[in-house]
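Have a look at the structure first, then read on.

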Amino acid sequence: MNRIRRLSVALTIASALGVAAPVAASAIPTISISGATASYPLVSLLAQKYVKLKPHKVKFKIAQGGAQIGINDVASSRVSIGDSSRGPLEPPAPPAGLLFTPIAKYAICVVTNKSNPLSNLSQAELESIFTGKTRSWGQVPGATASGTVDLISRTSVAGVLTSFQTLLLGGKSVSKLASEESSEGLLRQAVENDPNGIGFLSNYAASLGTVHSVGYNGVACNKATATSEQYTGVARFYEVTLHQPKGFVASFINWITKSAAARKIIASQWIPLS
Amino acid sequence: MTAPVQYPAAGLVPFSATGPASPTGGKRAGSAGPGSSSGARRFLASLFACLRNPWPDRRAERTLGGVSLLVSASVIAMIVFVGIRAWPIFAHNGISWLGPGGNLETEIGNMQATSVNPPAAAFHLRAWPLVYGTLLTSAIAVVLGLAIAVLSSIFIVELAPARLRKVVIPVIRLLASVPSVIYGLIGVLVLVPFVGNHLVTASEKASEQNVVELTGAGLGVAAVILTVMITPIMIALICEALIAAPTSWREGAVALGLNPLRAVLAVTLRGVRPAIVAAAVLATARALGEAVMIQMVSGGRSFEPNPAAGVVFFYEPLRTLASAIVDYHEGVGAPALKATLYAFAALLLFAACVLSIGGYLVKLPLRKYQTRG
Amino acid sequence: MSTFAPHQQKGRQPTSQRGRQSSPWSWRWGDRLVLFCAWTAGLGLCLVSAGIVIYMGYRGIEYLRPGLLFSRPAISTSQSQSGGFLDPLIGTVLLTLIGILLAGPLAVISAIWIAEYGRPSWLARVVESSIEIVAGTPDIVLALFGLSIFQLGLFAPLSFRSEAGGVFGRSFIAAGAMMSLIALPPLFAATREGLQAVPAHLREAAFALGKTRITTIRRVLLPSVRSNIATGVTLGVSRIIGDTAIVLLLLGETLHIEAQGSVPGLNVLRGTGSSLTSYVYDNSPAGEGAAPQKAYAAAFVLLLMVLALNLLVDRIGRSHQRSMGLSVPGGAI
């Protein structure tokens, strides 16, 4: 390739890079956020609204990676806010000094395959199923499936698993027999495809219509019952900060927890705090 | 400015110092200029001249070697880094962390729970199910894949008519380039439900229900998809070698009365054994390192499938080292879990090392089949 | 792969002049079985390949339209309003460029050194082994390694230092650098194979004319292995396009490409974004599963991209061979 062609190729690449980059404004502070993929849509919508309401005040950089990664990032000061789908561990496992501010609620629903429309499970029945004591559907009252109970759970790094165990299983752990899926999507897919499957999902994923959501202690699992606090299996999304947030980070978090516009966004698909 | 006198490695006296095909393309980095240039300009000029005039071989060899060493130095730095991060697991468990005993999920849950200041007990690890799962899936995939690859290569090179060959080759190249996440999706959407709902019988499920769940995601699906993933790599290498093998061998065999296919099998295939070994080594390395796809279709339980269980062997779930790293990579902040993940990585790197050296050693006695000119 | 260059003629005569060919009907049963198996294997793989592409198309058909390629993704809770995947597409292209630009020179130079010089031989063995080790490393390990490295303070200019003070460590440069490690082994192997297959008489003729070794390499050998390099680049690019783990860990997975800083060009490199594979991963059942049909449509687009890339490079490699008039690897003497 002669020199002219080389130069023109280099120029094309450089201009392509330049075109692809949105023109960067200068000196607007950035709030960097990283964390759970489950709350990414929520936090992105909130950030979008915040920027619209208060233009040119802050910019947002919202990355995903998982709740645990978000918490680690905040602890190491790599980001200002971490999104978490689980609360602080009890006893609080350090890194110390992390502040968990709840911003929204979501319900955790027990789900079964559509061919097995189990209407309700009591806490005792649920515990006995998920701890591996009841191994066949014949022993579960109300189940139309027959055969082995296929427990489908999440990997131990998942926030939803911790919340599920604390809120719905009375603190007991899911049996080691369960297969561990690494994401909500894979768990939902597994329950969709397995007539003998049973698992747990956030209320949004459970309401998409491909799996059947089971009542808990007589209460159906949906947004309405969770909002009215009838349904007890309700976990929270948290914004995690290192110590008390200050400045524009604090104003953003205050806006989320207090303003009506933020509440409207949260209520669209999730459950507001109050 | 005189160009340095160069001698080619063959030791012949050069025709002329710069020759008719001078790399400067006819333009020289001009002379330093008459007299009064500043020292900086002369330095720059000599720098450009140094870069544009033909280099002496020694300098070229040293530069090229330097760059290559840079590449391998960064790889070695990565290996050392992984080893250092993995050290705590070796320190607490010795080599027996590769052994059986203990439940991996409990151990990892422990590491998660003790998070930032783990006591020594948190580093307890027995990862044999992972090692066994890795060996099992890779072995099945490589053996199966090798058979399919050899047959397909013979098909492509010898049997397929030219028009069919033009279609088959891009198609197989496509197979080699499909991202592993798509293979994983096909597995989760098509293969796992098929196996789980149509192949696994209720009685088989019930027979294992207190030990493990048979949902369809397991060894069988993982091994099949892994085979499909690594076969195109082997096909490429073996095809290349088959094409490069001298036709005189095959023609001699045909002249002696063998039919064309048998001639290929008996003669050419034996002659391309170095390529088959190279293909197997490359494919094994790829199979060992496959993480995302296996994580999606292998069932998410560190279990050791039992060959004595018959057909059920292929339905049992398992985990491999690489898929475990993907499963737990989020928890890399907890020191015990970080050391564990890096220990898995160190083991995989060690395996790649062994493969590389092993392949080289196996190919040494096969050197006599080198057909290159 | 020079294998996928036009079949060399090398003394192979046209079928009509081959003389009496034995028909499979006269072969032994064992040979007929092998013939059948060979045909099945070859066609079977083709069917699998076609099946994968068609299945992804069928699954994503609801949202499959060209407009997706040109509209930016938007945050929305419903699939119909969540836009297209322009940003992930640009992200993939950008990562590929960075990866190949970094890997290309390194791989070719290493291959040249190994094939043409390679002294002392134990050092050459070390270099070859280390590249083979990289080939055998899972991409998740490279991603973890990259994450640890790029979060060091030393590399802060390559991503960004957050307002809280720590180094974020995830950017296009970080992901691209690890991608180059992924693309290095195929390119290296292809170039080295090509160089080893160049007949000795080419080198000897150049030496006889008085060229030095480095000049021979530059003016004679490199042009003759251009098709091998092209093949290696295709393989490397395919591996980069298909990689998920590095993108998930090292690119930050922001929905839009978010530049960092104010230097045009460099700000994109330092910024975060997503790629088609991470888009597919996040939106399909592999991740949250919130937009599965869009994800399948993106997967279909990805497959078409890879196919087009392969065909393109194949075309280039073939036309180069014709124009060079050179018959490449195989000893056609």
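Two residues are in contact if their C-beta atoms, placed from the backbone, lie within 7 Å. By that rule, the contact between chain C and chain A takes 35 residues from chain C and 37 residues from chain A. Keep in mind that this is a predicted model, where local features need pLDDT of at least 70, side-chain atom pairs count only at pLDDT 80 or more, and totals for chains, interfaces and linings use all residues. Residues are numbered from 1 along each chain as its sequence is written, while chains are lettered from A and ligands numbered from 1 in the order in which they are written.

**Where chain C touches chain A**
- Helix H2 (86-117) and helix H10 (266-269) of chain C each supply at least two residues to this side; helices are DSSP runs (H or I, at least four residues), numbered from the N terminus.

**Two helices packed in chain C**
- Helix H6 (residues 200-208) of chain C packs against helix H7 (residues 213-224) of chain C at about 155°, with the axes 10 Å apart.
- That angle makes H6(C) roughly antiparallel to H7(C), a label for angles over 145 degrees.
- Leu202(C), Arg203(C), Ala206(C) and Phe207(C) in H6(C) meet Thr216(C), Val220(C) and Ser224(C) in H7(C).

**A tucked-away helix in chain A**
- Helix H6 (residues 184-193) of chain A has nine of its ten residues buried, so it is largely enclosed by the rest of the structure.
- Buried means that 20 or more other C-beta atoms, placed from the backbone, lie within 10 Å of a residue's own.
- Among the buried residues of H6(A) are Glu184(A), Leu187(A), Arg188(A) and Asn193(A).

Definitions and conventions
Axes are lines fitted to C-alpha atoms, for helices over the stretch in contact, and angles run from 0 to 180 degrees between N-to-C directions. Angles under 35 degrees count as roughly parallel, over 145 as roughly antiparallel, 65 to 115 as roughly perpendicular and the rest as oblique. A residue is buried if 20 or more other C-beta atoms lie within 10 Å of its own, exposed if 12 or fewer, and partly exposed in between; C-beta atoms are placed from the backbone.
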